[in-house]
Amino acid sequence: DLIVQLGIIPNEGHKILAIQEITPVVGNTDDAQISTQPLYVYDRQRKIFTKGGNMTESLRNKFLEKGADFEHFLDSFFYI
């Protein structure tokens with residue numbers, strides 16, 4: 001349900017570059033496509049994470065079902 005993009009940035013080392021949520025499929029035919037929604041994106045110039053969007057209710061519910069604190073999940077990425 002999440003895509004975490006990792007990369008190596010010169011002089012900074014390994015970084016999480018983006019976190020995206022996989023959202024419901026768009027369309028219902030052979031040309032249907034998976035869509036994603038950015039949750040966080042690493043701004044290389046400012047060297048910080050910026051919030052890209054809000055988590056869907058479906059993903060929030062999955063966090064809750066697993067007993068995970070999704071607010072802590074979202075906030076924790078600012079400190080990586």
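1. Surface patches here are made of residues with over 30% relative accessible area and no salt bridge; like charges are joined within 9 Å, and nonpolar side chains (Val, Leu, Ile, Met, Phe, Trp, Tyr) within 5 Å. A salt bridge is a side-chain nitrogen of Lys or Arg within 4 Å of a carboxyl oxygen of Asp or Glu. Accessible areas come from the Shrake-Rupley method with a 1.4 Å probe, and for residues only the protein chains shown count as cover.

2. The model is predicted: local features need pLDDT of at least 70, side-chain atom pairs count only at pLDDT 80 or more, and totals for chains, interfaces and linings use all residues. Residues are numbered from 1 along each chain as its sequence is written, and side-chain values use heavy atoms, with hydrogens and water left out.

3. I3, I22, V25 and I34 make a nonpolar surface patch of about 350 Å². I3 belongs to strand β1 (strands are DSSP runs of E, at least two residues, numbered from the N terminus). With 37% relative accessibility, I3 is partly exposed; this class lies between buried, under 20%, and exposed, over 50% (1.4 Å probe, protein chains only).

4. E21 sits in strand β2. E21 is buried but has no salt bridge, and K62, the nearest side chain of opposite charge, is 7.4 Å away. In this count Lys and Arg are positive and Asp and Glu negative, while His and the chain ends are not counted. Beyond neighbours within four places in sequence, E21 has contacts (heavy atoms within 4.5 Å) that include D1, S35, Q37, N54 and L59.

5. Q33 lies in strand β3 and is exposed at 55% relative accessibility. Setting aside neighbours within four places in sequence, Q33 is in contact with V25 and V26.

6. Most residues other than glycine have a negative phi. N11, not a glycine, has a positive phi of about 70 degrees; N11 is in the loop between β1 (2–9) and β2 (13–26) and is exposed, with a relative accessible area of 85%. K47 also has a positive phi, near 60 degrees, and is in the loop between β3 (33–43) and β4 (48–51). The relative accessible area of K47 is 53%, so K47 is exposed.

7. Rings of Phe, Tyr and Trp (its six-membered ring) pair if their centres lie within 6.5 Å; planes under 30 degrees apart are stacked, over 60 edge-to-face, and the rest tilted. One aromatic pair is counted by this rule. The ring centres of Y42 and F49 are 5.6 Å apart with planes at 65 degrees, so the pair is edge-to-face. Y42 and F49 are both buried.

How values were computed
Helices (H or I, at least four residues) and strands (E, at least two) are DSSP runs, numbered from the N terminus.
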